[in-house]
Structures are given as structure tokens and as C-alpha cells.
Amino acid sequence: DASKKGLKIIFNYSYYTSIEEIIGLFERIHEKSGTLILIYNLKRDEENNELELDFNEDVHDIRIAKKLNNDGIRVRYAQERAGSSTSSPLPMDFSLRSYCEILYTSPRIKIYIRNSPVRTKRIRSSLKNAWADHYIPRQNVDVRHTGGVHGVSEMKSEIVFGMNSGWSKDKNEYGMMLYHHGRLIRSYVKVGVQRHPNSAGMGVLGVVDCDYLTPTHNKQDFNHNNLFNSLMESLNKKLNEYWNER
């Protein structure tokens, strides 16, 4: 039957080879329900034979291991971001714990990493000098890009601008945080005056609901269609307005 077929697949392709081992995994979920994610078969760096993930730097975290650059210096992984003039790493780029802290706008689940709870952050409520706004696509935007799921009246982005309460000038943690149904898709996207080579717009965060946009399969970006471009154009203008009038 289906259960035997499922077990056969698990035994063939996973680290576990017995029902007893699998039952033991469920005992590690302390709530009535939940999901346990296991990581195995990690790759090793060919140069120094170290795992691609680092479990030693922080016993309560899983991090992307540092890599040797062209100068032979071990450096952090840094995600490239649109509009950013620097590629300095942010904690969420290499730390699973930091990423999970801001993964949801209104977290309703408990997340544990290596048996340690994650203290999730509600970015909207932490902003200083917050300013709420919204954006509705123009009627002439091609709505076919939504796949017919949304009508024009349903395509609305709620936006909150504000100053990052934990920001300092040596940090790059500002820009637009783009969420899809409460789940983070793109982070710290620089728009408007934030793209200029000066201090304008620095420290400003924007939390944007982009429910009508279509995320890519890996949930790391949106399809760059007319709807997306129209929203980004609007964010450029709205961020400038906030910065000039705050």
C-alpha cells in the first residue's frame, strides 16, 4: 500500500533505515503538530575539506561557512541586492536563525533551530516615525500576469515606511522588505533616494505586502513583469516622499 511504498522511498534515499529510527524523530517534536527538517549529505569544500554549513561558530544556529576569497581571506557570504552599492554581508545572508527571525510579518508558528527557540521579530511594530500608505496598480497595467487569480480591485499593496530602530551607519539593514502572504521574498531592496551614493534614505525600512505578485519557484524573487515594475516605480516615489516629509 501507500505507506509501505513511502517507507521504501525513505529507506532508499534518506539517512534512516528502520521504522524505529523514524518514530524517534517524531518524539523530537514537542508540540501536538509540527515539521522536523533534517539536513544530511552536506558537501565539503574541496580546498579545506570543511562542510558547506557551519555548526560550530554558534551552537544555536546553522550558518553558511566562510569561504576563501582571492586574497586568501575567509569571508562571509553576502547576497547581492538591487540598488545597493555595497555587498557587505547581513546576518540574514549567512545565518538561518537571523533569516527566520524576519521570515514572516506576523509569525504564528514556533521555530526551533538546534532545539533552541527563534525570537521572531515583527518589523512593522518596531519602526520609528512610521507612515502607512498603499498602492493600487493602474488600470492599464496588464493584469494577465496574475494568471487570472486576482482582479484589479484585489491588487493592492499595503506599505509601511519607518526608521529601523536598530540601524546604525555601519549597517546595510535598510530598504524595502517585500512579503507575499506574510512570507519574506526579497529583503533590503534599495529604492528612490536610497540608490544614490550619499546618505539619503539610509535607515528607512519599508514593509510591503505583495500578495498579488507571483514569486519565483525558489521564493527568493518575484517575476519581473509589468505588475512588479509598476510597484517598484511607485515605491521609488513613495520612499522619496517619506524621506522629504518625515
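## Contacts and overall make-up

Of the contacts in the chain with a separation of 6 or more, 60% join residues 24 or more positions apart; a contact here means heavy atoms within 4.5 Å. Keep in mind that this is a predicted model, where local features need pLDDT of at least 70, side-chain atom pairs count only at pLDDT 80 or more, and totals for chains, interfaces and linings use all residues. Residues are numbered from 1 along each chain as its sequence is written, and side-chain values use heavy atoms, with hydrogens and water left out.

The chain has 246 residues, 37% of them buried, that is, under 20% relative accessible area with a 1.4 Å probe and protein chains only. Its accessible surface is about 15,600 Å², with carbon and sulfur atoms owning 49% of that (Shrake-Rupley method, 1.4 Å probe). As for secondary structure, you get 6 helices and 11 strands, taken as DSSP runs (helices: H or I, at least four residues; strands: E, at least two) and numbered from the N terminus.

## The five-stranded sheet

Five strands line up as β7-β8-β11-β9-β10 in an open sheet with mixed pairing; two strands pair if DSSP finds at least two bridges between them. β7 (128-135) and β10 (183-189) each have a single partner strand, so one side of each lacks a neighbour in the sheet. From one strand to the next, the twist averages 15 degrees.

Inside it, β9 (residues 175-180) runs parallel to β11 (residues 204-209), with 5 bridges between them. Met-176 sits opposite Gly-206 in β11.

## A helix on the sheet

Helix α6 (residues 226-245) packs on this sheet and touches β7, β8 (157-163), β9, β10 and β11. Its direction makes about 145 degrees with that of β7; axes are lines fitted to C-alpha atoms, for helices over the stretch in contact, and angles run from 0 to 180 degrees between N-to-C directions.

Technical notes
Buried < 20%, exposed > 50% of the residue type's maximum accessible area, 1.4 Å probe, protein only.
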